[in-house]
Amino acid sequence: MATTSKYVCVIGAGPAGLVATRELRKEGHRVVTVEQSHDVGGQWLYDPNVRGEDPLGRSKFLKVHSSVYASLRLATPRETVGLSDFPFVVKEGRDTRRFPGHRELLWYLKDFCEWFGLTEMIRFNTRVEYVGMSDSDKVGGDLKWVVRSRDLKSEKVAEEVFDAVVVATGQYSHPRLPSIKGMEQWKRRQMHSHIYRDPHPFHNEVVVVVGNSVSGRDISMELVNVAKEIHLSAISLDISEGLSKVISKHRNLYLHPQIESLHGDGRVVFVDGSWVMADTIIYCTGYSYSFPFLDTKGIVTVDDDRVGPLYEHTFPPSLAPSLSFVGIPRKIISFPFFESQAIWIAQLLSGRKTLPSFHDMMQSIEEFYQSRNAAGIPKHHTHDIANFEYCDKYGENVGYPHLEEWRKELFLSGSVRARVNLETFRDSWDDYELLQAALLSSHFTQSLQPPSQHYTL
């Protein structure tokens, strides 16, 4: 069938943006990818320099994009990460661990970019400041988009018109903060984990860590050898066996319920009436979706971390397919899902695929919202998927292969080990049979095709 080539702007050169760039080019589109940093990687491009950043991340445009801290290692085994035709293999002279550090994943993304020749399509050190419709009277595929960007070195501002825009700016940069009585009056150090890099600045301090998800646990475990005391504040005191073991092992690590209030003299008062005098509070409370550059005339909004309306977490019905989002869903095996999203977007723009009607997409979104409400899932967890079947069904829209059973089982086995042995799960594992199944699968034994065989030029 005849297909159409569009001029497409991809915003962001992290994992989601890179795979979108590759798939759009493969489908025959002309692509410009705009990246504010000096290199690819997005969240995985570690930035040790956080000076000058608002400690609580309340600026419209943040100076620091990456929230990665120096010691961060993957929380899932490397075998589960790779894109369908580009496995995350061990390379001599690099980090060969099954749960490698963040630099190894950055190298994987750089390898991907180099292998598929994507660098030539990326404008580095360029920040998108405005994206808006060039003619708001048009809808969907007939829309064109004005993109205004700033070269961060020369400060030169450029404006271009594109047939389509793919937003792939990530989801782990703009801090989500709790609302606690006295936050504004508390004069000691408050910061979000977004700018935490290493434990040394907290030597001999009393530190309150708010939140016991991945970053809260990691940072607390790092601080035990440096800080005087660490007080971990959690929504629930019903914690995992692994975290319980860590707290029992370290005499300077304490568990508390949520914070009731903060006081000007340095007191942190918890809801059970207990309190501590703290030097620093680190909020490990997650991140919010933020698109400060995007003007859709109120069509797409972010309401308590619900980005909507989005059909299948990707397409705003009245603006699709000319506007789309890659990388919104959470609690998934992300890279393969990004790939299936990118393929669908590319094929919709070329005319190879079509979306349901506006009415049908809106009805689907409303039914999804109702199902989440009925299940008692808070609005800010709208995009938490945690469902392999959904990912497989999503991929069926473009014939993307289902997640391999070994990939699902390795992902789950890593999560189970983390709940039981939080300090050792990355280096002590017993899933050798699953690992063998993965390494003998076609995913790891495939011969990588030369890039020229991937593109429709």
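Biologist: Is Cys-9 buried or exposed?
Modeller: Cys-9 is buried, with a relative accessible area of 0%. Keep in mind that this is a predicted model.

Biologist: Changing topic. In what order do the strands of the five-stranded open sheet come?
Modeller: The order is β9-β16-β10-β11-β12, and the pairing is parallel. The edges are taken by β9 (189-192) and β12 (253-256).

Biologist: Why is one side of β9 and of β12 left without a neighbour in the sheet?
Modeller: Because each of them has a single partner strand. On average, neighbouring strands of this sheet are turned by 20° against each other, direction ignored.

Biologist: How many bridges pair β10 with β16?
Modeller: Four, in the parallel sense, between β10 (residues 206-210) and β16 (residues 280-283). Val-209 has Ile-282 in β16 as its bridge partner.

Biologist: Which strand is His-231 found in?
Modeller: His-231 sits in β11, residues 229-233. Its relative accessible area is 4%, so the residue is buried.

Biologist: What is His-231 in contact with, leaving aside neighbours within four places in sequence?
Modeller: Val-206, Val-207, Val-208 and Val-209, plus Tyr-254, His-256 and Val-276.

Biologist: What about the four-stranded sheet, what is its order?
Modeller: That open sheet runs β6-β5-β4-β18, with mixed pairing. Its edge strands are β6 (157-162) and β18 (294-295), each pairing on one side only.

Biologist: How many bridges join β4 to β18?
Modeller: Two, and β4 (residues 126-133) runs parallel to β18. Opposite Gly-132 you find Asp-295 in β18.

Biologist: On to helices. At what angle do α5 and α7 cross?
Modeller: Roughly 25°, with the axes of α5 (residues 334-350) and α7 (residues 388-395) coming within 9 Å.

Biologist: Why are those two called roughly parallel?
Modeller: The crossing angle of roughly 25° is under 35 degrees, therefore α5 and α7 count as roughly parallel to each other. The crossing is left-handed.

Biologist: Which residues make the contact?
Modeller: From α5, Phe-337, Ser-340, Gln-341 and Trp-344. From α7, Tyr-390, Cys-391, Tyr-394 and Gly-395.

Key
Residues numbered from 1 in each chain as written. Predicted model: local features only at pLDDT ≥ 70, side-chain atom pairs only at ≥ 80, totals over all residues. Heavy atoms only, no water. Pairing = 2+ DSSP bridges. Buried < 20%, exposed > 50% of the residue type's maximum accessible area, 1.4 Å probe, protein only. Contact = heavy atoms within 4.5 Å. Axes fitted to C-alpha atoms, helices over the stretch in contact; angles between N-to-C directions. Parallel < 35°, antiparallel > 145°, perpendicular 65-115°, else oblique. Left-handed = near helix turned anticlockwise from the far one by under 90°.
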